[in-house]
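Hello,

Here is the structure I said I would pass on. Please look it over; my notes follow below it.

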Amino acid sequence: MALLLAPALYAQTDGLPSDGPIRPVPVFTMGSGFITTFQGGTPNLGPLINPVLLVPVGNNWLIEARGDLESSLAPPPGGSGYTGSLETNVDYLQLDYIANRYLTVTVGRFLTPFNIYNERLYPIWIRNLQTDPLILPLEAGEYGASNGGMIRGGFNATSRVEVNYAAYVSANSTVENLASDRSFGFRSGIFLPGPRLEVGGSFQHLLQDYRKNAFGFYGEWQPRSLPLDVRAEYARSYVGSGYWMEGAYRLSQVPIWTSGLRHVQMVARMQQFYTGQGWSSDVPSVSTNMFEYGMNYYFRDDFRLVGSYGRQFAPFGGNMNVWTVGLTYRLALPLGHGDIR
Amino acid sequence: MIQPLTFARAFVWAASMTLFSGAALAQQQTPSAPGPARVSASASGASSISSSSSVPLPAAASPAKPATGSASSTAKSSEAVREDETSLIEGEKRFATNCGRCHQAPHKFPPRMMATIVRHMRVRATITDDDMRLILRYMTQ
């Protein structure tokens with residue numbers, strides 16, 4: 001319904017004055033990719049498309065939506081060829097109102113704000129390694145999104161400290177492609193622009209099933225002198241706990257073959273997951289350790305070749321190699337005249 | 001359940017169209033990677049929330065103003081240029097500090113498109129009002 005109404009709403013705000021401010025235009029973007037995974041020797045083909053629609057309305061409103069179309073094609077046991085099903089989902093469909101410099105109000109379906117991976121790093125064209133962290137289901141829940149209301153914002157506490165926050169309430173939903181849990185929670189972080197360091201924490205209380213709490217911490221750091229990203233998250237809930245730490249280094253400062261190496265990014269991640277008292281089909285059934293090494297080649301900022309090797313350590317025959325290779329791409333198009341001329 | 005061959009064909013078609021349209025768009029876009037800040041003669045933007053999603057037009061799109069020969073207007077003009085230059089340098093700094101936290105620095109998009117993307121990132125990445133305004137100004141010059 002929002003997608004249908006959006007163009008009509010936008011049409012009422014169209015009409016750019018020749019000497020006025022820049023008026024935003026609706027934008028269609030899409031992350032897409034084709035990732036082939038070999039897990040314990042079993043190949044798996046993973047085409048994925050994430051269309052995103054952004055419709056600004058007036059000065060302070062924004063409608064945004066993201067869909068998810070993906071498949072997992074694998075050879076049937078004892079058979080040949082690849083079979084699989086197409087999975088579709090609505091990641092978010094939300095209306096944002098930027099009330100003032102401290103507060104944005106969001107209603108609809110939105111990504112659950114717990115730590116930073118689900119909201120900021122999840123898109124296929126952003127993530128440095130294509131496999132999900134083992135603790136992601138602890139953070140984002142079974143569906144990764146919530147239905148309800150949220151307040152959020154970021155502001156300067158001092159000239160050297162920025163504070164960001166998000167707090168939400170979600171209702172239970174069993175509607176196909178729009179499912180969510182009944183819960184509430186918040187995330188808050190402090191960002192220091194000087195050293196480019198952000199740390200924060202999250203809390204969530206489930207109002208159904210186990211009715212248990214979950215909490216987590218995160219940190220990320222981009223030193224000014226190096227093209228290096230360091231990120232880490234920790235999460236603990238009734239069904240388990242764990243952490244991941246990741247470093248990604250762009251080889252732009254290596255003094256040999258600079259024209260080629262500046263496009264290359266090396267990535268390493270280690271993670272541990274520990275089972276808890278509860279049970280969930282989304283997390284490993286036994287405590288698991290994993291490390292991964294990856295290499296990404298950026299043809300452009302929006303088009304890259306990705307590859308990684310990982311080794312998983314788990315009891316009861318869970319030790320295995322995990323290889324991934326694929327392409328990721330992001331498209332962005334204005335739905336109207338993007339230029340102001 | 002769908003036929004895998006059918007889905008694979010559909011995906012190849014979608015990927016081809018995606019790449020083709022991306023290449024076509026790239027030919028229309030404004031000069032690519034964010035380079036050094038350029039100076040324009042437009043005034044700096046206000047910081048109220050009502051202006052949070054809009055910045056003054058770049059010089060190329062602003063109506064031309066008649067030149068006056070007086071010393072005071074020249075001083076005012078050079079002052080405005082200096083302020084504008086400072087604003088762009090600050091915008092470039094904020095761009096590198098904020099956008100690079102999650103992803104590789106994107107190339108520049110057309111101004112009205114950039115205004116939407118920056119508004120989206122204000123909500124998604126909870127960047128501050130000041131950061132958003134300066135980044136938008138830098139990315140649309």
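**Two helices of chain B**

In a right-handed crossing, α3(B) passes α4(B). On the α3(B) side the contact is made by B:Met114, B:Ala115, B:Val118 and B:Arg122, and on the α4(B) side by B:Met132, B:Ile135, B:Leu136 and B:Met139. By type, the residues of this contact are seven nonpolar, one charged and no polar. Please keep in mind throughout that this is a predicted model.

How are the two helices set against each other? Their axes are 10 Å apart and the packing angle is about 155°. Angles over 145 degrees count as roughly antiparallel, and α3(B) and α4(B) are therefore roughly antiparallel to each other.

Taking the helices in turn, α3 of chain B covers residues 111–124, 14 residues in total. From first C-alpha to last, α3(B) reaches 20 Å, close to the 20 Å expected at 1.5 Å a residue. The helix is mostly covered, with 11 of its 14 residues buried. Just after α3(B), B:Thr126 has a positive phi of about 45°.

Helix α4 of chain B covers residues 129–139. Of its 11 residues, 10 are buried, so α4(B) is largely enclosed by the rest of the structure.

B:Asp131 is in helix α4 of chain B. Because a residue counts as buried at 20 or more other C-beta atoms within 10 Å, B:Asp131, with 27 such neighbours, is buried. Leaving out residues up to four places away in sequence, B:Asp131 touches B:Arg94 and B:Asn98. B:Arg94 is 37 residues from B:Asp131 along the chain, yet their C-alpha atoms are separated by 6.0 Å.

B:Cys102 sits in the loop between α2 (71–99) and α3 of chain B. B:Cys102 has 20 other C-beta atoms within 10 Å and is therefore buried. Which residues does B:Cys102 contact, leaving aside its neighbours within four places in sequence? They are A:Arg120, A:Leu121, A:Ile126 and B:Ala125. As for B:Met132, it is 30 residues from B:Cys102 in sequence and 16 Å away in space, C-alpha to C-alpha.

Two loop residues of chain A are worth a look when you check the backbone.

- A:Asn177 is in the loop between β7 (161–171) and β8 (183–192) of chain A. Its phi is near 70°, a positive value in a residue other than glycine. A:Asn177 has 13 other C-beta atoms within 10 Å and so counts as partly exposed.
- A:Arg196 is in the loop between β8 and β9 (197–206) of chain A. A:Arg196 is not a glycine either, and its phi is positive at about 55°. With 18 other C-beta atoms within 10 Å, A:Arg196 is partly exposed.

Regards

Terms used. Residues are numbered from 1 along each chain as its sequence is written. Chains are lettered from A and ligands numbered from 1 in the order in which they are written. This is a predicted model: local features need pLDDT of at least 70, side-chain atom pairs count only at pLDDT 80 or more; totals for chains, interfaces and linings use all residues. Helices (H or I, at least four residues) and strands (E, at least two) are DSSP runs, numbered from the N terminus. The expected span of a helix is 1.5 Å times one less than its number of residues. A residue is buried if 20 or more other C-beta atoms lie within 10 Å of its own, exposed if 12 or fewer, and partly exposed in between; C-beta atoms are placed from the backbone. Axes are lines fitted to C-alpha atoms, for helices over the stretch in contact, and angles run from 0 to 180 degrees between N-to-C directions. Angles under 35 degrees count as roughly parallel, over 145 as roughly antiparallel, 65 to 115 as roughly perpendicular and the rest as oblique. A crossing is left-handed if the near helix is turned anticlockwise from the far one by less than a right angle, and right-handed if clockwise. Two residues are in contact if their C-beta atoms, placed from the backbone, lie within 7 Å. Ala, Val, Leu, Ile, Met, Phe, Trp, Tyr, Cys and Pro count as nonpolar, Asp, Glu, Lys and Arg as charged, and the others, Gly among them, as polar.
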